[in-house]
Amino acid sequence: MHKTIPGMLLVLLTACGGPSAEEQARKNYHEGEAPVAPAKPAGTLEVKIEDREKDTSKVTFYWTVDSLKYDKTFNDLPLMQNLTDTSLYKVLWDAPNSVWIGFIKPNRDTRYYHGTQDGKQLRILWVPSPPQRIYQYMEKDLGLGDAIRNYEKVTRYAKQVKSGQIIAEFIVDLRNATPEKVGVYMEYGGVRREIDLPTPKGTKPYIMAVAEDHCIVGLELEDGEMEDIYQVRVVNGRIGYKQMQTVK
């Protein structure tokens, strides 16, 4: 159950709502049968990222093909912090004039953009649901997200953190475990709170520190897959959490 935290900041990290009906109708992607074979680009693509430290970053694509030049900027891209460019995003040319760019978001989900050429026109659009063969290749073959999946899983995290005008120990701890649940204890700047995390049979709770002031709390399943349940973060001297999904 997701409980509110009196006197604490509820940190919302996910992007805004999904695409409009017009955007959905404008571009409809379907899964293809053909396997992905990386192609030699017909031009060049440069990716420029600004405002990395903010909740949403500005990303600009500079694409050229022969004499054609195209710039496109997206101002609302939430990005995982503390990752190098080579870990934060991957680029796949599935055809000389077709390019996919995948990014890692703070909730460890992905955001994809697709660039296409139609005659003398170039364009890059956000694609809410890329073809399965594309995202599987980028995430399994190119390794998009590997840097996060390989983070150490612990049962207690403690780090001295400066946030705003406060310097205090940021603590996230799994405690008071029973066969049905475990307590997720969080503390910063004198504010303390504990919430429940259900632990169905065969699951193992974990904490991952994705930044010194940002932890993910989730469950490792019997098959090794991981489900992120809570984000716990310190922002401007306040601690807060957000429930990412419900335990089934």
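Which residues lie nearest the centre of the largest cavity? I looked this up first, in what is a predicted model. Leu 79, Gln 81, Pro 106, His 214 and Arg 233 lie nearest that centre, out of a lining of 11 residues.

**Cavity.** I searched for cavities of 30 Å³ or more and the count came to one.

**Arg 233.** I stayed with this residue from the lining. Arg 233 forms a salt bridge with Asp 55, and the closest N and O atoms are 3.6 Å apart. I checked where the two partners sit. Asp 55 is in the loop between strand E1 (44–50) and strand E2 (57–65), while Arg 233 is in strand E14 (residues 226–235). They are 178 residues apart, so the pair links distant parts of the chain. Is Arg 233 buried or exposed? Arg 233 counts as buried because its relative accessible area is 11%, under the 20% cut-off. Asp 55 is partly exposed, at 46%.

**Other salt bridges.** I ran the search over the whole structure and got eight. I wrote down some of them.

- Asp 196 and Lys 181 meet through their side chains at 3.4 Å, N to O. Asp 196 belongs to strand E11 (residues 191–198) and Lys 181 to strand E10 (residues 181–188), 15 residues apart. Both ends are partly exposed: Asp 196 at 28% relative accessible area, Lys 181 at 36%.
- Glu 187 and Arg 192 pair at 3.6 Å, N to O. Here I found a buried end, Glu 187 at 16%, and an exposed end, Arg 192 at 53%.
- Arg 156, Asp 173 and Arg 175 are linked in a network of salt bridges.

**Nonpolar cores.** I turned next to the cores. The largest has 38 residues. Which residues have the most contacts inside it? I listed Ile 49, Val 59, Phe 61, Trp 63, Phe 103 and Tyr 113. Strand E5 (residues 98–104) gives the most to this core, five residues. I noted a further core apart from it, of 23 residues, including Tyr 157, Phe 170, Leu 174 and Val 234.

**Tyr 113.** I traced its contacts, leaving aside neighbours within four places in sequence.

Conventions: Residues are numbered from 1 along each chain as its sequence is written. This is a predicted model: local features need pLDDT of at least 70, side-chain atom pairs count only at pLDDT 80 or more; totals for chains, interfaces and linings use all residues. Side-chain values use heavy atoms; hydrogens and water are left out. On a 1 Å grid over the protein atoms alone, a cavity is a set of points where a 1.4 Å probe fits but cannot get out, and a pocket is an open set with protein on both sides within 12 Å along at least five of seven lines; lining residues have an atom within 4 Å of a point. Grid points are joined across faces, edges and corners, and a volume is the space filled by probe spheres set on the points. A nonpolar core is a set of buried Ala, Val, Leu, Ile, Met, Phe, Trp, Tyr and Cys residues joined through side-chain atoms within 4.5 Å. Buried means under 20% relative accessible area, exposed over 50%, partly exposed in between (1.4 Å probe, protein chains only). Helices (H or I, at least four residues) and strands (E, at least two) are DSSP runs, numbered from the N terminus. Contact means heavy atoms within 4.5 Å. A salt bridge is a side-chain nitrogen of Lys or Arg within 4 Å of a carboxyl oxygen of Asp or Glu.
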